[in-house]
Amino acid sequence: VVLPATAPEGLGLVAVEAQLCGARVVASATGGLVDVVGGTPTSQVVPPGDAAALAAAIVAVAAEPVSA
């Protein structure tokens with residue numbers, strides 16, 4: 001799940017639900033998304049508006065092996 005928010009997200013419920021379902025998340029580091037998503041091999045936050053960082057994070061998260 002990619003959440004390229006440009007304005008602060010209060011909680012980031014989509015990110016919470018995605019992680020609960022085991023989905024990988026890449027989100028902009030705005031508002032509550034920083035706390036919800038954090039930075040793990042399968043979920044990363046990037047600076048808002050930084051397209052190159054967003055693309056690199058998507059590639060990195062997609063390259064991580066899927067855990068069983």
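User: Which residues make up the largest nonpolar core?

Analyst: In soluble globular proteins, nonpolar side chains tend to be buried together. A nonpolar core is a set of buried Ala, Val, Leu, Ile, Met, Phe, Trp, Tyr and Cys residues joined through side-chain atoms within 4.5 Å. Buried means under 20% relative accessible area, exposed means over 50%, and partly exposed is in between (1.4 Å probe, protein chains only). Here the largest core has nine residues: Leu3, Ala5, Ala15, Ala18, Val25, Ala27, Leu33, Val36 and Val37. At least two residues of this core come from each of α1 (13-20), β2 and α2. The largest share belongs to α2, which gives three residues. There is also a second, separate core of five residues, and Val26, Val46, Leu54 and Val61 are among them.

User: What kind of model is this?

Analyst: This is a predicted model, where local features need pLDDT of at least 70 and side-chain atom pairs count only at pLDDT 80 or more, while totals for chains, interfaces and linings use all residues. Residues are numbered from 1 along each chain as its sequence is written, and side-chain values use heavy atoms, with hydrogens and water left out.

User: What pLDDT does the protein average, and where is confidence lowest and where highest?

Analyst: pLDDT is the predictor's confidence in each residue, from 0 to 100. Where pLDDT is low, the predicted coordinates should not be read in detail. For this protein the average is 87, and 96% of the residues score at least 70. Confidence is lowest in α2, with a mean of 86, and highest in β2, with 93.

User: Where does valine 25 lie, and what is in contact with valine 25?

Analyst: Start with the element. Helices (H or I, at least four residues) and strands (E, at least two) are DSSP runs, numbered from the N terminus. Valine 25 belongs to strand β2. Its relative accessible area is 0%, so valine 25 is buried. Next come the contacts, meaning heavy atoms within 4.5 Å. Apart from neighbours within four places in sequence, valine 25 is in contact with Val1, Leu3, Ala15, Ala18, Gln19, Val37, Thr42, Ser43 and Gln44. From valine 25 to alanine 55, 30 residues apart in sequence, the C-alpha to C-alpha distance is 13 Å.

User: Is serine 43 buried or exposed, and what polar contact joins its side chain to glutamine 19?

Analyst: Serine 43 sits in strand β3. Its relative accessibility is 2%, so serine 43 counts as buried. A polar contact is a pair of N or O atoms within 3.5 Å; within protein, one must be able to donate a hydrogen and the other to accept it, and residues adjacent in sequence count only if both atoms are side-chain atoms. The side chains of serine 43 and glutamine 19 are joined by such a contact, of 3.2 Å. Not counting residues up to four places away in sequence, serine 43 touches Gln19, Val25, Val37, Gly38 and Val61.

User: Where is the place of threonine 30, and how is it read when it is in a loop?

Analyst: Threonine 30 is in the loop between β2 and α2 (33-37). Because its relative accessibility is 7%, threonine 30 counts as buried. A polar atom of its side chain lies 3.5 Å from the backbone oxygen of alanine 7. Leaving aside neighbours within four places in sequence, threonine 30 is in contact with Ala5, Ala7, Pro8, Glu9 and Pro48.

User: How many residues has helix α3, and which of them are buried?

Analyst: The expected span of a helix is 1.5 Å times one less than its number of residues. Helix α3 (residues 51-63) has 13 residues and reaches 18 Å from first C-alpha to last, close to the 18 Å expected. Its buried residues are Leu54, Ala57 and Val61. They cover an arc of only 65 degrees around the axis, so they are on the same side of α3; the arc is that of the directions from the helix axis to the C-beta atoms. These buried residues pack against β1 (2-3), β2 (25-28) and β3 (43-46). On the other side of α3, Ala51, Ala52, Val59, Ala62 and Ala63 are exposed.

User: Which residue caps the N-terminal end of α3?

Analyst: Aspartate 50 does, with a side-chain oxygen 3.3 Å from the backbone nitrogen of alanine 52. Aspartate 50 is found in the loop between β3 and α3, and is partly exposed at 32% relative accessibility. Alanine 52 is exposed, with a relative accessible area of 58%.
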